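Thanks for asking me to look this one over. Here are my notes, with the model open beside them.

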Amino acid sequence: MRRALAVATVLAAPLLLAPLATASAGAAQPRIYHTIGSTSASATFSSTTDCQLTEVFVSSSRAMYAAQPGPVGKQGLTAVFVRVTDSCAASGARVAPAAGGGGGPVVFQADVQNGAPLVVDPRLTRASVTTDLTGTDGDGNPVTVHLTASWTGSGPLEHTTDSTHVHFADGNVSSTANDLRRAASAQVSVEVAGRSATGTDPSAVLEQTRSHCIELPRPGVEGFFPCFGFPA
């Protein structure tokens, strides 16, 4: 996936590094953000039982990053969104209407995440994650979502590269990206608050990027952060 320049999509937003300063004293110092590798997987499905429609979205990733030279950092992130709507609920039922989907009032909703890393091979042929995610439901009640998900590559491995150099009035920015992508089929199972749902997503995807972004402000310039849009 190509990275647009001067926006925060050059690197995954959670992967914020202490920038590496390499310029001589008194000169503007470049800030270098380097992702050794960031791999992600996502899937979505819905299932219906009687009048209730359950919609599930899952994303999981793992990443390694470092300055040059500097220690290597590792980071995992898994997120699950679950929404249940009821098409048979009476019009006067005390439930919130669905926003943007579901076809009926929302009777349950949870949006949770944790630091569980995606388990994936370098060629994006298989990936998986199994974890318990704690958080709150739409009413603020504590919940635990048990997730089991696996991805199997179902398409060719796509390879793209991108290199961009732009000169701004306040400085310069350069970025490179070396990306892999493979279409996949996902199997997902979630359990939460006495509810369970299992489904497949034949249009899932596995992605990997190796990238870096370099900011070089002109001497005396402050507030120049084109890589992320904010100080990283």
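How many nonpolar, polar and charged residues does the lining of the second largest pocket have? Point 2 takes that up, after a word on the model.

1. Please keep in mind that this is a predicted model, in which local features need pLDDT of at least 70, side-chain atom pairs count only at pLDDT 80 or more, and totals for chains, interfaces and linings use all residues. Residues are numbered from 1 along each chain as its sequence is written, and side-chain values use heavy atoms, with hydrogens and water left out.

2. The lining of the second largest pocket has 6 nonpolar, 5 polar and 4 charged residues. Here Ala, Val, Leu, Ile, Met, Phe, Trp, Tyr, Cys and Pro count as nonpolar, Asp, Glu, Lys and Arg as charged, and the others, Gly among them, as polar. Of the 15 lining residues, Gly 37, Thr 39, Arg 62, Met 64 and Val 120 lie nearest the pocket's centre. At least two lining residues come from each of strands E1 (31–49), E2 (52–65), E3 (73–86) and E11 (195–217); strands are DSSP runs (E, at least two residues), numbered from the N terminus.

3. This pocket holds about 290 Å³ of space. On a 1 Å grid over the protein atoms alone, a pocket is an open set of points with protein on both sides within 12 Å along at least five of seven lines, a cavity is a set where a 1.4 Å probe fits but cannot get out, and lining residues have an atom within 4 Å of a point. Grid points are joined across faces, edges and corners, and a volume is the space filled by probe spheres set on the points.

4. There is 1 cavity of 30 Å³ or more, and the largest cavity has a volume of about 40 Å³. Its lining includes Phe 108, Val 190 and Arg 195. E3, strand E10 (171–192) and E11 each give two or more residues to that lining, with the largest share, 3 residues, from E11. By class, the cavity lining has 6 nonpolar, 2 polar and 1 charged.

5. Do look at Asp 137, in the loop between strands E7 (126–136) and E8 (142–153). A polar atom of the Asp 137 side chain does lie 2.9 Å from the backbone nitrogen of Asp 139.

Key
Helices (H or I, at least four residues) and strands (E, at least two) are DSSP runs, numbered from the N terminus. A polar contact is a pair of N or O atoms within 3.5 Å; within protein, one must be able to donate a hydrogen and the other to accept it, and residues adjacent in sequence count only if both atoms are side-chain atoms.
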